[in-house]
Amino acid sequence: MGLTSAKKTDTNTYELEVSISPEDFNKGIDAAYRKEVKKITIPGFRKGKAPKAMIEKMYGPEVFFEEAVNSLYPQSYADAVEEAGIEPVSRAEVEVLSMSKEDGVVFKATVTVKPEVELEKYKGLEATKKVTEVTEEIIDGEIKKLQERNGRMVPVEGRPAENGDTADIDFEGFVDGVAFDGGKGEGYPLELGSHTFIDNFEDQIVGHNVGDEFEVQVTFPEEYHAEELKGKAATFKVKLNALTKKELPEVDDEFVKDVSEFDTLAELREDIRKTQTEGYNKAADNKVESDLIDALLANMKVELPQVMVENKIDDLIFEFSQRLQMQGLDIDTYLKYTGLDRDGFRKSFAEQAERNVRLRLALEKIVELENLTVSEEELNAEYEKLAKDYNRSVEEIKALLPTKDLEMDLKVNKAIDLVKDTAAITEEKA
């Protein structure tokens, strides 16, 4: 078995001509016979005991050719790829050119390969880090959220409805005097001023008292989701059953003890300052990394095979479906909720997929240019970490993630670190 010829037929396409020797082919035929004879019945012989020559005479000399080629192809193709020094990124299109016991097999494999990458610049890229100062106003806002989460609803008495109240209402909607589907509710809690309902609906509840029955006049927007209601004027008959409002606790040391691990308001404020600072810094660092990636990709030249993008889309969809399963959903249910068709759903991943593929190629090019390496200790440490993260043994992780793949992942991580470490980053206030 061996590579007969390899030629580049297009930018990212190679055509390999591969031969399988007569000796290897005939061994493959014998193996195919031993595998298939168990299924074959020939008159005069017990099932599975017919001689190979007798089967070939009855069914033709080529009866075992296909099985033999199928068994020999994977290794012969892999050897040819290695000899040609190419890196396929797709399944090969295979055409058998000749096949006989006397001359062996010759086949042609057409395959898309990993593209050539040029990087004009990857060191000294420029980015700006926006630094946010955590002000007293920001801390006040976080404490306000704590107040809101720990507030309690109390009845409103002695006054009409106001924005900010939660109104318990019964309602039924009519268009041209006819009730429409989905326009009726009983005991519905509606926060006034939240704009949950159609514009002006909530405004017309403000000023009414508990027990009032009244009409609300609205017009559905032209872009309303229900086709039969778009742009239509409607009347809602409404009854205001009850009013409640949120009563916020007083912010003092006792409040702090109830809602946190701290004893004083001063301690809580300091913790919020620290946590918010860390959060803003992390967000700023992520933005810097994203900007550096944009700059790196802008300095990259590559003719990207579409098959690589499609393969990455498949990966992203699989990851997305796994997350859905954790929520008790599947793709079909998600599509039903979102109104997307499968083509639209797939296209929604295209931009991210292309960016991911381009980035990986750029980083692998940096690995090559900088001759980045990974030590055995680093590999073993990463396997140990993955085993701990997934609660599996190291051997199980190694079976799922070959050393070659993990090694490249770690090298790629070093490449992105190199880009960040050599970048010219300026800081300015956000």
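Analyst: The model is a predicted one, and by the rule applied here the count comes to 40 salt bridges.

User: What makes the pair Glu142 and Lys145 a salt bridge?

Analyst: A salt bridge requires a side-chain nitrogen of Lys or Arg within 4 Å of a carboxyl oxygen of Asp or Glu, and between Glu142 and Lys145 the N to O distance is 3.1 Å, so the pair meets the criterion. The two residues are three apart in helix H4 (residues 136–149), and are therefore separated by about one helical turn.

User: Why is Lys145 called partly exposed?

Analyst: The term covers values between the limit for buried, under 20%, and the limit for exposed, over 50%; Lys145 has a relative accessibility of 44%, and therefore counts as partly exposed.

User: Which residues are linked in a network of salt bridges?

Analyst: The network links Glu87, Lys114, Arg360, Glu364 and Asp409.

User: Why are H1 and H2 called roughly perpendicular?

Analyst: Two packed helices are described by the angle between their axes and the distance between the axes. The axes of helix H1 (residues 22–36) and H2 come within 11 Å and cross at roughly 90°; angles of 65 to 115 degrees count as roughly perpendicular, and the term therefore applies to H1 and H2. The contact is made by Ile29, Asp30 and Tyr33 of H1 together with Lys52, Ile55 and Glu56 of H2.

User: How do you know which term describes the packing of H4 and H6?

Analyst: H4 and helix H6 (residues 265–298) pack at an angle of about 110°, with their axes 10 Å apart. Because the range for roughly perpendicular is 65 to 115 degrees, H4 is roughly perpendicular to H6. On the H4 side the contact residues include Glu136, Ile139 and Leu146, and on the H6 side they include Leu265, Arg273 and Tyr280.

User: What makes the phi of Asp176 and of Asn391 worth a remark?

Analyst: Most residues other than glycine have a negative phi. The phi of Asp176 is near 55°, a positive value, and the phi of Asn391 is likewise near 55°. Asp176 is found in the loop between strand S8 (166–175) and strand S9 (178–191), whereas Asn391 is found in the loop between helix H11 (376–390) and helix H12 (394–400). Asp176, with a relative accessible area of 74%, is over the 50% limit and so is exposed, and Asn391, with 72%, is therefore exposed by that limit.

User: Which residues form the nonpolar patch that includes Tyr59?

Analyst: Met58, Tyr59 and Val63 form this patch on the surface, with about 290 Å² of accessible area together. Tyr59 is placed in helix H2 (residues 52–59).

How values were computed: Residues are numbered from 1 along each chain as its sequence is written. This is a predicted model: local features need pLDDT of at least 70, side-chain atom pairs count only at pLDDT 80 or more; totals for chains, interfaces and linings use all residues. Side-chain values use heavy atoms; hydrogens and water are left out. Patches are made of residues with over 30% relative accessible area and no salt bridge: like charges are joined within 9 Å, nonpolar side chains (Val, Leu, Ile, Met, Phe, Trp, Tyr) within 5 Å. Accessible areas come from the Shrake-Rupley method with a 1.4 Å probe; for residues, only the protein chains shown count as cover. Helices (H or I, at least four residues) and strands (E, at least two) are DSSP runs, numbered from the N terminus. Buried means under 20% relative accessible area, exposed over 50%, partly exposed in between (1.4 Å probe, protein chains only). Axes are lines fitted to C-alpha atoms, for helices over the stretch in contact, and angles run from 0 to 180 degrees between N-to-C directions. Angles under 35 degrees count as roughly parallel, over 145 as roughly antiparallel, 65 to 115 as roughly perpendicular and the rest as oblique. Contact means heavy atoms within 4.5 Å.
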